[in-house]
Amino acid sequence: MTESFRRDGEYPQGQQQSPYSESPQQNPPHSTPVDSAWPPPPAYQPAEPVSVAPGTTVWPGSAGDGGNGGGGEPTGQLAAFGAEPPQAKKKRLRGPVGLLAAVAIAAAAVGGGTAYAFQELTGSSTTASSSTSTTVVPSSKKGTVAGVAEAVSPSIVEINATLSSGSSTGSGVILTSDGEILTNNHVISGATSVKVKTSDGKSYTAEVVGTDAKKDLALIKLKNASGLKAATLGNSDNVGVGDDVVAIGSPEGLTGTVTSGIVSALDRDVTVSTDEGQQEQQQQQQGGGSGQWPFEFGGQEFNGDTGSSTTTYKALQTDASLNPGNSGGALIDMNGNIIGINSAMYSASSDSSSSSSSAGSVGLGFAIPINTVKADLDSLRAGGSDS
């Protein structure tokens with residue numbers, strides 16, 4: 001019986017050859033196992049493709065180094081010419097590029113998972129987000145009044161409330177895509193019906209969900225609304241004196257009016273009426289729905305008599321121009337985040353006999369901090385509490 005192998009030294013020196021190569025130094029035999037007791041084979045240059053039959057070209061494979069033709073334990077695997085060596089892909093995934101790709105995929109998964117989780121928690125309708133780092137202004141217009149106006153105006157509405165003996169005009173901020181609107185309590189106080197107009201000119205009927213007279217806040221809900229752009233609620237604790245701000249509202253029924261200024265002061269004690277009848281009376285006396293609202297500051301009354309039933313809250317003071325009808329609108333930082341709900345303004349003429357046309361902003365306005373609003377939202381959604 002013929003032996004299938006011969007031991008080392010049985011062939012004359014230089015006569016042992018690979019059937020695939022003319023040079024024994026280029027390609028060791030691929031079918032002969034290597035005894036682990038022998039010293040490691042020498043390093044080899046990468047193998048060149050060879051032809052073993054007419055029209056067929058193959059690559060010698062190597063299990064030790066990803067198919068580079070040497071430096072590892074020989075193997076008999078062959079791949080068709082033009083195809084990748086069998087372990088080349090695995091080697092690349094172990095390298096720096098593969099690691100970076102894995103990190104990028106993991107980061108994307110975390111971001112996507114967070115967004116998905118937020119959607120699941122807030123339900124099917126898009127809700128106003130609450131983030132201090134959110135920038136909703138287009139990058140090309142970042143830090144500009146024009147950029148803030150473009151980004152936030154679709155989230156501000158005009159509110160018209162029909163009262164028992166007249167009407168009231170104010171503004172509101174969209175909280176959810178299906179029509180939750182935040183405004184001041186004095187805008188809808190005593191209303192028999194409420195109409196809302198969005199920035200694109202569409203009109204909706206709204207119903208009052210909850211009110212809080214002590215914070216001068218109210219929540220209304222549009223009927224049959226969808227696809228509205230919810231505002232982004234910021235963090236009023238991060239607001240500083242001198243910060244640039246933008247106000248958007250509907251003074252005198254001029255929907256989407258934009259003004260700008262700075263934060264003039266923090267934590268101003270502003271006193272407003274909680275008496276529904278008193279508010280309605282003042283609204284009628286101030287020009288039939290002019291939107292003026294009486295308040296007290298520093299022991300003085302402005303825009304009329306606040307009555308005997310009042311409440312005081314801490315407000316942001318701003319010199320951004322606020323006029324009748326801005327009540328319930330937004331005070332916005334330069335990233336497009338809502339930081340306050342405009343609630344009171346000093347009129348140049350506080351005489352109750354003056355018409356709304358003679359009243360105007362003198363750069364002394366007040367807004368309810370948005371953190372106060374956020375703390376009250378659950379109560380408003382549950383019907384509110386005026387106690």
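Guide: A residue is called buried if its relative accessible area is under 20%. The model shown here is predicted.

Visitor: Which share of the protein chain counts as buried?

Guide: Of its 387 residues, 41% count as buried. Phe 295 is buried, and Phe 366 is buried as well.

Visitor: What makes Phe 295 and Phe 366 an aromatic pair, and why is the pair called edge-to-face?

Guide: Rings pair if their centres lie within 6.5 Å, and planes over 60 degrees apart count as edge-to-face. The ring centres of Phe 295 and Phe 366 are 5.6 Å apart and the planes stand at 65 degrees, so the pair is edge-to-face. A search of the whole structure finds one aromatic pair.

Visitor: Which residues does Val 270 touch, not counting residues up to four places away in sequence?

Guide: With those neighbours left out, Val 270 touches Phe 295, Glu 296, Thr 311, Thr 312, Tyr 313, Ala 315, Ala 344 and Phe 366. Contact here means heavy atoms within 4.5 Å.

Visitor: Which residues have the most contacts inside the largest nonpolar core?

Guide: They are Val 152, Val 270 and Ile 338, in a core of 32 residues. Helix α6 (residues 370–381) gives the most to this core, contributing four residues. A second, separate core has 15 residues, among them Val 157, Val 187, Ile 188 and Val 196.

Visitor: In what order do the six strands close into a barrel?

Guide: The order is β4-β5-β6-β9-β8-β7, with antiparallel pairing. From one strand to the next, the twist averages 40 degrees. In total, the protein chain has six helices and 17 strands.

Visitor: How many bridges join strand β8 to strand β9, and why do these strands count as paired?

Guide: Two strands pair if there are at least two bridges between them. Six bridges join β8 (residues 203–212) to β9 (residues 217–222), so the two strands, which run antiparallel, count as paired. Within β9, Leu 217 stands opposite Asp 212.

Technical notes:
Residues are numbered from 1 along each chain as its sequence is written. This is a predicted model: local features need pLDDT of at least 70, side-chain atom pairs count only at pLDDT 80 or more; totals for chains, interfaces and linings use all residues. Side-chain values use heavy atoms; hydrogens and water are left out. Rings of Phe, Tyr and Trp (its six-membered ring) pair if their centres lie within 6.5 Å; planes under 30 degrees apart count as stacked, over 60 as edge-to-face and the rest as tilted. Buried means under 20% relative accessible area, exposed over 50%, partly exposed in between (1.4 Å probe, protein chains only). A nonpolar core is a set of buried Ala, Val, Leu, Ile, Met, Phe, Trp, Tyr and Cys residues joined through side-chain atoms within 4.5 Å. Axes are lines fitted to C-alpha atoms, for helices over the stretch in contact, and angles run from 0 to 180 degrees between N-to-C directions.
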